[in-house]
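Subject: Structure handover

Hello,

Here is the structure for you to open. Please keep it on screen while you read my notes below.

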Amino acid sequence: MKMKPLAAALLAGGVLGASAASAFDLPPWLRLDRSSTAAATAGAAAATTAATAAPVAPIPAQGTVPDYRAIFKQAGPAVVGITVEGMHKASAEEQGLPEGLENDPFFQFFRGMPGFGQRGRGANPSVPFRGQGSGFIVAADGLILTNAHVVREAKEVTVKLGDRREFSAKVLGSDPVTDIAVLRIDAKGLPTVRLGDPRRLEVGDPVMAIGAPYGFEQTATTGIVSAKGRSLPGDAVVPFIQTDAAVNPGNSGGPLLDGGGAVVGINAQIYSQSGGFQGLSFSIPIDVALKVKDQIVATGRAQHARLGVSIQDLNQGLAESFGLERPDGALVAAVQPGSAAAKGGLKPGDVITEVNGQAVERSGSLSTLIGMSAPGERVKLKVWRDKSWRELEVKLGSAEATTASADDPSRPEGMQLGLALRPLTRDEQRQVHVDGGLLVQDVDGPAARAGVERGDVLLAINGQPVQSIEQVQAVLKSKPRHVALLVQRDGETIFVPIRIG
C-alpha cells in the first residue's frame, strides 16, 4: 500500500467533537474551553490586515451526536473549490510511451523514434495540466488555506465560492515541508470558518470533511479520529491527524471539522492501494497550518529549523542494549558534519528523550518539535548516553534549501570540482523517488567536462551517500585527484568518474 498525497485535487476533512459550553449540559468529550477557541480565532485574525467576519458560534450537539446538518450549513459557505492550470514535465504515459518502457535497459535505443516520445538526452518535454482541489476561507478579506501540492506548478489558480462566484487567486506562498499554501482573492465580507484546537482531540471523537472529491463540490463526509500524531514517510515534520472520514482526490486542502464545527485540520493524504479512499486519511493539524500561514503572510515564505541528524525509532531490543527500560525516544543514527547537532555535541548512539521539556516518545515527535521551531532558536535536549542522562543545548540551523559550492575554496583554480548544489526538498525527493540527494544547480570545470548536467541528482560520492553539501565537502577535504559521482538523470542512475586537476 502507498501514501497518496491527493495531488491536484486531493482530500477533504472531518469533524471532531469540540462544542463550547452553552445552555445545553454537554458531555465532557464535547466541551471546548472558550479561551482556547478565542485565542485561536484571535491569532488568525491578527495575521490579516482586513477586518474579519463576525465571530462564528459553536454548534451545540443534539444529545451525544453532533448536529452535522448545522455544522455543514455554518462551515459549508466558507469551503471553496480550487482549479489550477499550468505546465509540468511529461511522464512516460503522457508522452505515449508503453508502460514500464522507460525502465527497460534497451529503452535508449528507441529514444527519439516515432511513438516513443522525445525523452532524449537534454530534452525537457512539458505538457499542460489541469487539476482540482479544495480550500477554506480564514479571513473575510479573501485569505484562503489549502495544500501546497494543490497549487504546485500552477500558472493560473481559480477559486469557486460556495455561492458559485469565481475569482482568480494569487498564491501568496507555499511550504512544501508542511504542504501548506496560502491564497488571496480580491473580495470582501466573505464567510469564514471557526478555528479549533487539535490538541483537545481524542481518538474516537467525531469529525466531518467538506470538499470537492472528484470535482463534486460541497460534499460532506463524516467519521472519527482514528489516531493522532502520525508520522508519515517524507512528512516527518507534521504530526498528522488520522481519520476514517471518506476523502478522495479533489478533497485536498479541505477542512477537517470537529463536533462543534471548528476546523482542526487540513486534509492532505490518504493511504491507498487503489488511489481512492480505503479508510485511512491524514490531516495537517490547524495549529501547524496557522503557524506557517502567519510566516507566509508576513514574509512570503516559511522557515523551518534543522538539527542535522539521522534518527530512527527504538524497539525493545535496542532499548535494552542501551540500558533503557522503555523504547521511548529518538535514536541518533548519524550526525552530519558541521550541523547544529555536531556543534551542540550530539553523537551517534545518543537517545533524545526530551526537547525543551517536551517528551519525545518516537522519532517522529523529534522531527515535529525541531521542524516547527525557528532557525537560530536554542533548544535544550535531554539525552541518554553511556547509560546516564545529560543535557545539551543546541542552536538550531535552517532547513531552507540553499545553493552552495561543493568545492574547497583553499584549492587552486583548476583543482575545483565545479558543482553548485542544494538539498532536494521532500516534495522533490518524492518526485524522483530518492531518499536524500543533492540537486545540481550549476556545473562547470571538471564536472562539466565529465558530463554532469544541471538538473542531475547527486546521490553519492566515492560510494558515500550524500544528503548535505557538507558531506560532499568532507570527501573533498582529503584533496583526491579522482572522484566517482553517482547521479540520477531522467530516472536512470549512472556513475560519472571525474579527474580533478
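Is serine 252 buried or exposed? Serine 252 is buried, because its relative accessible area is 0%. Buried means under 20% relative accessible area, exposed means over 50%, and partly exposed is in between (1.4 Å probe, protein chains only).

Some ground rules. This is a predicted model: local features need pLDDT of at least 70, side-chain atom pairs count only at pLDDT 80 or more, and totals for chains, interfaces and linings use all residues. Residues are numbered from 1 along each chain as its sequence is written, and side-chain values use heavy atoms, with hydrogens and water left out.

**Active site**

An unreviewed UniProt entry lists His149, Asp179 and Ser252 under "active site". They are spread over 104 residues of sequence, yet they cluster in space, with a largest C-alpha distance of 10.3 Å. UniProt positions follow the numbering used here, feature names are shortened, and annotations may be inferred rather than shown by experiment.

Histidine 149 sits in helix H3 (residues 148-151). Histidine 149 is buried too, at 6% relative accessible area. Serine 252 is in the loop between strand E14 (235-243) and strand E15 (255-257). Helices (H or I, at least four residues) and strands (E, at least two) are DSSP runs, numbered from the N terminus.

**Second largest pocket**

This pocket holds about 700 Å³ of space. It is lined by 25 residues, and the closest to its centre are Pro239, Gly364, Ser365, Thr368 and Leu369. On a 1 Å grid over the protein atoms alone, a pocket is an open set of points with protein on both sides within 12 Å along at least five of seven lines; lining residues have an atom within 4 Å of a point. A volume is the space filled by probe spheres set on the points, which are joined across faces, edges and corners.

Domain 1 (67-86 + 127-302) and domain 2 (305-398) both line this pocket, so it lies between them. The domain bounds come from an automatic or database assignment.

Helix H7 (363-371) is among the elements giving two or more residues to the lining. Eight of the nine residues of H7 are buried, so H7 is largely enclosed by the rest of the structure.

**Aromatic pairs**

There are two. Rings of Phe, Tyr and Trp (its six-membered ring) pair if their centres lie within 6.5 Å; planes under 30 degrees apart are stacked, over 60 edge-to-face, the rest tilted. Phenylalanine 240 and phenylalanine 282 are edge-to-face, at 6.4 Å and 80°. Both are buried.

Best wishes

Definitions and conventions: 1 Å grid on protein atoms, 1.4 Å probe; cavity = no way out; pocket = protein on both sides within 12 Å on 5 of 7 lines; lining within 4 Å.
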